[in-house]
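Please look through the sequence and the model before reading the points.

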Amino acid sequence: MTLPKLNYLIERGEKFAMLTCYDATYAKLMEAEGVDILLVGDSLGMVLQGANDTLGVTMQDMLYHTKAVATGTKQALIMADMPCGSYEHNVEIALKNAQALLQSGAHIVKIEGGGAMVETARYLVSHGVPVCAHLGFTPQSVTQLGGYKIQGKTEAAANQIMLDAKAMSDAGVSMVLLEMVPAHLASKITQTISVPTIGIGAGLDCSGQVLVLQDLLGIYTGPAQKSPDAFKAPRFVRNFLAETGSVQSAVRAYVQAVKSQTFPAQQHSY
Ligand code: KIV
């Protein structure tokens with residue numbers, strides 16, 4: 001999979017399926033089951049390291065897992081998250097860290113936020129780094145956002161996300177990921193901007209969908225220190241393992257559900 005091939009699929013009306021992936025074994029499995037994009041997400045801070053949020057993930061962590069995923073992959077597109085603190089200070093540091101992720105096997109990097117990050121995205125793109133902009137709920141700003149909450153509910157907030165998406169698209173990003181925003185807003189953004197959108201809790205109309213692997217398998221029960229009883233999976237999660245009985249068939253069922261547009265359904269959207 002390459003970015004031009006992905007755009008070709010989208011032009012033909014096909015949806016693409018993306019999953020988080022942190023190691024070579026799952027990379028190989030996901031590729032065999034037809035996952036188009038593997039996201040080495042900084043969600044690894046939560047689902048692998050057991051933390052409350054993604055803020056403690058380092059560049060070393062991301063380089064290690066990106067390399068592992070790249071080793072297990074022949075064809076899938078690999079997207080790697082730039083972790084908190086690796087791109088916000090200045091564009092030179094952002095470029096150095098983005099290039100290190102590309103050298104470890106990523107094909108595209110993801111940064112969170114609009115506003116000031118538009119110039120960072122423009123700088124990375126102008127230096128040959130493909131970028132995905134992550135808008136809506138941005139996990140690295142969880143404290144500022146006051147918790148895991150849907151974004152873009154008011155007209156002003158929705159307008160701001162639309163403006164950020166347009167600005168990122170104009171800055172040359174290859175994709176925009178929309179997390180936890182109303183389905184009608186994600187739909188409008190997808191129709192408006194000239195690059196594909198990826199949804200997580202953003203309704204059916206995005207160009208593609210992403211889920212965290214451990215959510216798809218129904219095995220994530222919150223931070224390591226907290227009781228599993230205190231955990232409630234977010235609305236946008238569907239447990240494909242419970243429906244299918246094996247990891248391989250759960251991943252296959254997810255890909256099929258995304259491509260046939262039966263996932264996300266209304267009950268997974270806001
Ligand atoms: O890190 C991650 O897994 C992500 C997804 C929530 C999209 O960014």
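This is a predicted model: local features need pLDDT of at least 70, side-chain atom pairs count only at pLDDT 80 or more; totals for chains, interfaces and linings use all residues.

1. Residues are numbered from 1 along each chain as its sequence is written, and side-chain values use heavy atoms, with hydrogens and water left out.

2. There are 13 residues around the ligand, and Thr20, Asp42, Ser43, Asp81 and Lys110 come nearest. Ala, Val, Leu, Ile, Met, Phe, Trp, Tyr, Cys and Pro count as nonpolar, Asp, Glu, Lys and Arg as charged, and the others, Gly among them, as polar.

3. Which polar side-chain atoms lie 2.5 Å and 2.7 Å from an oxygen atom of the ligand? The 2.5 Å distance belongs to Ser43, and the 2.7 Å distance to Lys110. For Asp42, an N or O atom in the side chain is 3.1 Å from an oxygen atom of the ligand. The protein covers 96% of the 260 Å² of accessible area that the ligand has on its own (Shrake-Rupley method, 1.4 Å probe).

4. The ligand sits in the largest pocket, meaning that more than half of its atoms lie within 2 Å of the grid points of that pocket. On a 1 Å grid over the protein atoms alone, a pocket is an open set of points with protein on both sides within 12 Å along at least five of seven lines, and a cavity is a set where a 1.4 Å probe fits but cannot get out; lining residues have an atom within 4 Å of a point.

5. The volume of the largest pocket is about 660 Å³, where a volume is the space filled by probe spheres set on the points, joined across faces, edges and corners. Its lining has 33 residues, and Met46, Tyr148, Glu179, Asp215 and Pro234 lie nearest the centre. Helix H3 (44-47) and the strands E4 (108-112), E6 (175-179) and E8 (208-211) each supply at least two lining residues. Helices (H or I, at least four residues) and strands (E, at least two) are DSSP runs, numbered from the N terminus. The lining divides into 18 nonpolar, seven polar and eight charged residues.

6. The second largest pocket has a volume of about 350 Å³. Of its 18 lining residues, Gly113, Gly136, Thr138, Ser141 and Leu145 are the closest to its centre. Strand E5 (131-136) and helix H7 (155-171) give two or more residues each, and H7 gives the most, with four. This lining has five nonpolar, ten polar and three charged residues.

7. How many cavities of 30 Å³ or more does a search of the whole structure find? The search finds one. The largest cavity has a volume of about 40 Å³, and E8 gives the most to its lining, with three residues. By class, the lining has seven nonpolar, four polar and no charged residues.

8. Phe263 and Pro264 are among the residues that line the largest cavity. The peptide bond from Phe263 to Pro264 is cis, with omega near 0°, and Pro264 is found in the segment after helix H11 (247-259).

9. Met180 is not a glycine, yet its phi is positive, near 50°. Met180 lies in the loop between E6 and helix H8 (183-192).

How values were computed: A residue is near a molecule or strand if one of its heavy atoms lies within 4 Å of it. A polar contact is a pair of N or O atoms within 3.5 Å; within protein, one must be able to donate a hydrogen and the other to accept it, and residues adjacent in sequence count only if both atoms are side-chain atoms.
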